[in-house]
Amino acid sequence: MLGCGVVGTGVARLLTEHAEPIRDRAGVALQLQRIAVRNLAKKRDSSVDMTRLSGDAAAVVRDPEVDVVVEVMGGIEPARSLILEALRLGKPVVTANKELLAANGAELFDAAEAVGVDLKFEASVAGAIPIIHPLKESLSGDRLRRVLGIVNGTTNYVLWRMATTGATYDEALAEATELGYAEPDPSSDVEGFDAAAKCAILASLAFNARVVASDVYREGITDVTAADIAAASRMGYTVKLLAIAELSDGQVSARVHPAMIPSTHPLASVNEAYNAVFVEGDAIGQLMFYGRGAGSLPTGSAVVGDLVDVARNRAQGARGVGCTCLYDLGVRGMDEVDTQYYLALDVADRPGVLAQVAAVFGEHGVSIRSVLQRGRGDEAQLVLVTHLAKERAMRATLDALRELDEVSSLGSVMRVEGEEADEVMAR
Ligand SMILES: NC(=O)c1ccc[n+]([C@@H]2O[C@H](COP(=O)([O-])OP(=O)(O)OC[C@H]3O[C@@H](n4cnc5c(N)ncnc54)[C@H](OP(=O)(O)O)[C@@H]3O)[C@@H](O)[C@H]2O)c1
């Protein structure tokens with residue numbers, strides 16, 4: 001095993017505590033032969049056999065006593081080189097490394113393919129939730145259209161606290177850090193990088209196409225305000241950071257951004273640091289997977305499940321399903337993606353203003369789904385929700401509204417998801 005931190009310790013504990021049933025299921029005893037770490041002096045969980053620790057990760061990979069390599073160290077290098085070396089030596093690999101898969105997946109899968117061994121990664125998306133296997137295998141009889149995921153527990157916790165306590169973003173993030181849900185440097189989570197890597201993996205699996213992290217449009221939650229969340233709530237919406245992968249007109253789109261979803265949508269009730277993945281397909285309709293997206297034992301469970309699978313395959317001289325990126329589908333740029341928007345505008349309370357605002361939408365081909373007007377002295381607030389329109393047209397509309405004299409300010413602006421799915425699907 002390469003790495004023995006949060007996930008590695010969970011793997012060590014499960015292999016120790018569940019040794020017997022794991023042996024029965026795998027058909028062979030699974031033993032941690034050697035464990036590579038950075039700091040040999042660090043105190044570790046009692047399930048970790050300190051005599052098996054090594055500071056030389058390459059030697060662990062090369063050790064002839066090592067049949068299978070578990071990579072839970074994270075990051076691109078040296079994880080990438082070590083995995084490639086393991087595969088070159090004909091050793092199956094189990095990894096939890098979303099960042100590496102989303103950036104260098106093709107290279108790793110090609111290497112596994114070349115030697116005909118397993119490369120498994122159930123723990124890389126949504127921790128304990130088995131989502132890789134269903135997308136790769138169980139759902140391969142269907143045509144999937146869309147995957148919506150809450151795949152980052154830190155940001156879900158922060159948005160949930162903002163919604164339930166009225167806390168500001170900074171207050172909620174400080175609380176998440178105190179509780180251990182957020183890293184001391186939370187940028188990978190709050191700026192959406194972590195979710196974007198997972199989105200790339202989900203999109204690749206759902207649509208059998210190669211989507212990499214840099215294909216994913218990304219916005220984090222740092223600009224979401226308590227006022228946005230309160231406004232969403234008044235309109236019957238909940239704000240979530242969503243990873244969205246869609247297939248339409250033969251092209252894939254993949255994006256991560258905060259979005260309002262109807263409070264009745266199943267994803268709206270995914271609270272605290274939980275994760276969920278909502279899958280839509282022609283035959284299945286809608287499916288939701290829900291559970292813990294991180295943590296030592298939850299993530300360790302996904303890793304050990306993969307290990308059992310690898311052991312079973314080895315016993316039969318077989319291997320599991322390899323890379324499923326079969327098609328060269330184009331990735332749609334964000335400008336061309338269909339989105340629906342919520343926006344709140346402060347406008348002069350004069351006759352004809354609503355018509356002027358509506359005209360701006362009309363000029364850009366964006367149609368308004370609902371509008372609510374509230375008087376506020378000399379001013380009025382307009383709250384609008386649009387129908388689906390191209391993101392490019394929406395942005396041009398917002399720019400034109402900012403220029404309009406009658407609009408004194410543009411308040412909350414956020415995409416809306418989970419409402420007009422059928423409009424996109426019908427195209
Ligand atoms: N944490 C989660 O809940 C979670 C969930 C899903 C997926 N993942 C993924 O799982 C992987 C591991 O995450 P983690 O949270 O367990 O990380 P972590 O707690 O930071 O542990 C990393 C481990 O790797 C070791 N390590 C790092 N660089 C090394 C090097 N160059 N040579 C040898 N050992 C090295 C560290 O050694 P020391 O112990 O000596 O420092 C540590 O044991 C990442 O890819 C992450 O994205 C994590």
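# Cavities, ligand site and aromatic pairs

The largest cavity has a lining of 16 residues, with Phe-109, Phe-121, Ser-204, Arg-210 and Cys-325 nearest its centre. The model is predicted.

**Cavities**

- The structure contains 4 cavities of 30 Å³ or more.
- In the largest cavity there is about 130 Å³ of space.
- Helices α5 (98–115) and α10 (193–207) each contribute at least two residues to the lining of the largest cavity.
- Sorted by class, the residues lining the largest cavity are 10 nonpolar, 4 polar and 2 charged.

**Ligand site**

- Val-7 places a polar backbone atom 2.8 Å from an oxygen atom of the ligand.
- Arg-44 has a polar side-chain atom 2.8 Å from an oxygen atom of the ligand.
- For Lys-98, the distance from a polar side-chain atom to an oxygen atom of the ligand is 3.1 Å.
- The protein buries 79% of the 900 Å² that the ligand exposes when taken alone.

**Second largest pocket**

- The volume of the second largest pocket is about 390 Å³.
- Helix α12 (residues 296–315) provides the largest share of the lining of the second largest pocket, with 4 residues.
- The lining of the second largest pocket divides by class into 12 nonpolar, 2 polar and 4 charged residues.

**Aromatic pairs**

- The count of aromatic pairs comes to 4.
- The ring centres of Tyr-157 and Tyr-181 are 4.7 Å apart and the ring planes lie at 40°, so this pair is tilted.
- Tyr-157 and Tyr-181 are 24 residues apart, and their pair links distant parts of the chain.
- Tyr-157 belongs to helix α7 (residues 153–165), whereas Tyr-181 sits in the loop between α8 (169–178) and α9 (187–190).

Technical notes: Residues numbered from 1 in each chain as written. Predicted model: local features only at pLDDT ≥ 70, side-chain atom pairs only at ≥ 80, totals over all residues. Heavy atoms only, no water. Polar contact = N/O pair within 3.5 Å; in protein donor to acceptor, adjacent residues only side chain to side chain. Areas by Shrake-Rupley, 256 points an atom, 1.4 Å probe, with all protein chains shown as cover. 1 Å grid on protein atoms, 1.4 Å probe; cavity = no way out; pocket = protein on both sides within 12 Å on 5 of 7 lines; lining within 4 Å. Points joined across faces, edges and corners; volume = space filled by probe spheres on them. Nonpolar A, V, L, I, M, F, W, Y, C, P; charged D, E, K, R; others polar. Phe/Tyr/Trp six-rings, centres within 6.5 Å; stacked < 30°, edge-to-face > 60°.
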